[in-house]
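Subject: A structure for you to look at

Hi there,

I am handing over the structure we talked about, so please open it next to this email. Take your time with it, and then read on.

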Amino acid sequence: MSQQSNSSSISTDERIISGSNGWVMLVSLLALFAFSLFFTMTPGPPIKLFGGILLAMLALFGCKGLFTLEPNQAAVMVFFGNYVGTVHESGFFWVNPFYNKTRVSLRINNWNTPVLKVNDERGSPIEIAAVIAWRVQDTARAIFDVESTLNYLQIQSESAVRQVASSHAYDDTEMIDGKRKKSLRTDLDAIAGLLRESIQEHVNVAGIVIEEAKIAHLAYAPEIANAMLRRQQAEAVVMARQKLVDGAVGMVEVALKNLEEKQIVSLTSDQRAVLVTNMMTVLLSESGAQPIPRSSGTARV
């Protein structure tokens, strides 16, 4: 037993042990049982009969120590309330028949957290859920330090998901010192790493290893979903307009440069301003350009 530095609870250290070869012990126990039958069935004094029965009971009781382990399975051994060790190898083994054997699966499991309603870093209510891949690494902690490994993981993982969600914004955030803060929607890989680390810190005491943790559901809460959708649409329109303006400016710049280099026409400052205005109007207009008739019969775009 050792005292964890980050917890006031006592944690149990896992000890790896090996069982005896089960096939050898099985043959030995069968031979002992056969000898006890022969010893009992042959004539002799009553003590001989009693000895034969005792040997048969001893052989049968010895069979209680036989057990098998599949791959990615372990057996925790307890001797009259004292932890003896854990057998990790797969195969057919024999241990002290007085050992109480508790099987523990070391296979990877999945757990989907329920959809949680949390306020993100900006205070906006969101819905979030995560899928967690986990397995037992330390069998002693999983058996002796927590009442239920799965129940402990479920509660602690929900707490970790809330912690990560409340410390990050749902969507893109502002720039700080030239760097953009991570958001739940746009930085899925980074958030998944933070989520895994946070859950791992919560479940270390239970001997659990978090193999992977990813966001499985992420959305604004229903009461603000419509408003946030309109905001996202407005931001998309602004970004599209910005792209159009940047493109139009570049096209006007190239047009003026080509006119001057090829000496197609010589423009005064006022004519350049008019040309720029007309081109920007045509390029940024949502409807096609319409000719404006003049009294002289000419048309101006």
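Below is what was found in it, going from the whole chain to single residues.

**The whole chain**

Please keep in mind that this is a predicted model. The protein chain has seven helices and 17 strands. It counts 301 residues, of which 31% are buried. If you take the contacts between residues at least 6 apart in sequence, 63% of them join residues at least 24 apart.

**Two pairs of helices**

Start with helix 1 (residues 22-41) and helix 2 (residues 46-62), whose axes come within 8 Å of each other and cross at roughly 160 degrees. How do helix 1 and helix 2 run relative to each other? An angle over 145 degrees counts as roughly antiparallel, and therefore that is the word for helix 1 and helix 2. The crossing of helix 1 past helix 2 is left-handed. On the helix 1 side, the contact is made by Leu 29, Leu 32, Phe 33, Phe 35, Ser 36, Phe 39 and Thr 40. Helix 2 contributes residues including Lys 48, Leu 49, Gly 51, Gly 52, Ile 53 and Leu 55. Sorted by class, this contact of helix 1 with helix 2 has twelve nonpolar residues, five polar ones and one charged one.

Now move on to helix 4 (149-166) and helix 5 (residues 188-203). The axes of helix 4 and helix 5 come within 9 Å and cross at roughly 135 degrees, and helix 4 and helix 5 are therefore oblique to each other. Helix 4 passes helix 5 in a right-handed crossing. Among the residues that make the contact are Tyr 152, Leu 153, Gln 156 and Ser 157 of helix 4, and Ile 191, Leu 194, Leu 195 and Ser 198 of helix 5. Here the classes come to ten nonpolar, six polar and no charged residues.

**Aromatic rings**

A pair of aromatic rings is described by two things, the distance of the centres and the angle of the planes. How many aromatic pairs does the structure hold? There are eight. One of them joins Trp 23 and Phe 92, with 4.7 Å from centre to centre and 65 degrees between the planes, which makes it edge-to-face. Trp 23 belongs to helix 1 and Phe 92 to strand 8 (residues 91-94), so this pair ties together parts that are 69 residues apart in sequence. Are its two members buried or exposed? Trp 23 is exposed, at a relative accessible area of 57%, whereas Phe 92 is buried, at 19%.

Tyr 170 sits in the loop between helix 4 and strand 13 (175-176), and Tyr 220 in strand 15 (residues 208-220), so the pair ties together parts 50 residues apart in sequence. Both Tyr 170 and Tyr 220 are buried.

There is also a cluster, in which ring pairs link Phe 61, Phe 79, Phe 80, Phe 98 and Tyr 99.

**Two residues with positive phi**

Most residues other than glycine have a negative phi. With that in mind, look at Asn 72, where phi is positive, near 60 degrees. Asn 72 lies in the loop between strand 5 (66-69) and strand 6 (73-79), and at 49% relative accessibility Asn 72 counts as partly exposed.

Phe 80, a member of the ring cluster, has a positive phi as well, near 50 degrees. You will find Phe 80 in the loop between strand 6 and strand 7 (82-87). Phe 80 is exposed, with a relative accessible area of 63%. The C-alpha atom of Phe 80 is separated by 7.9 Å from that of Asn 100, which is 20 residues away along the chain.

**A buried alanine**

Last, go back to the loop between helix 4 and strand 13 and find Ala 169. Ala 169 is buried, with a relative accessible area of 0%. Leaving aside residues up to four places away in sequence, Ala 169 touches Asp 120, Glu 121, Arg 122, Lys 182, Ser 183 and Leu 184. Between the C-alpha atoms of Ala 169 and Ile 126 there are 9.8 Å, with 43 residues separating the two along the chain.

Enjoy exploring!

Best wishes

Conventions: Residues are numbered from 1 along each chain as its sequence is written. This is a predicted model: local features need pLDDT of at least 70, side-chain atom pairs count only at pLDDT 80 or more; totals for chains, interfaces and linings use all residues. Side-chain values use heavy atoms; hydrogens and water are left out. Axes are lines fitted to C-alpha atoms, for helices over the stretch in contact, and angles run from 0 to 180 degrees between N-to-C directions. Helices (H or I, at least four residues) and strands (E, at least two) are DSSP runs, numbered from the N terminus. Angles under 35 degrees count as roughly parallel, over 145 as roughly antiparallel, 65 to 115 as roughly perpendicular and the rest as oblique. A crossing is left-handed if the near helix is turned anticlockwise from the far one by less than a right angle, and right-handed if clockwise. Contact means heavy atoms within 4.5 Å. Ala, Val, Leu, Ile, Met, Phe, Trp, Tyr, Cys and Pro count as nonpolar, Asp, Glu, Lys and Arg as charged, and the others, Gly among them, as polar. Rings of Phe, Tyr and Trp (its six-membered ring) pair if their centres lie within 6.5 Å; planes under 30 degrees apart count as stacked, over 60 as edge-to-face and the rest as tilted. Buried means under 20% relative accessible area, exposed over 50%, partly exposed in between (1.4 Å probe, protein chains only).
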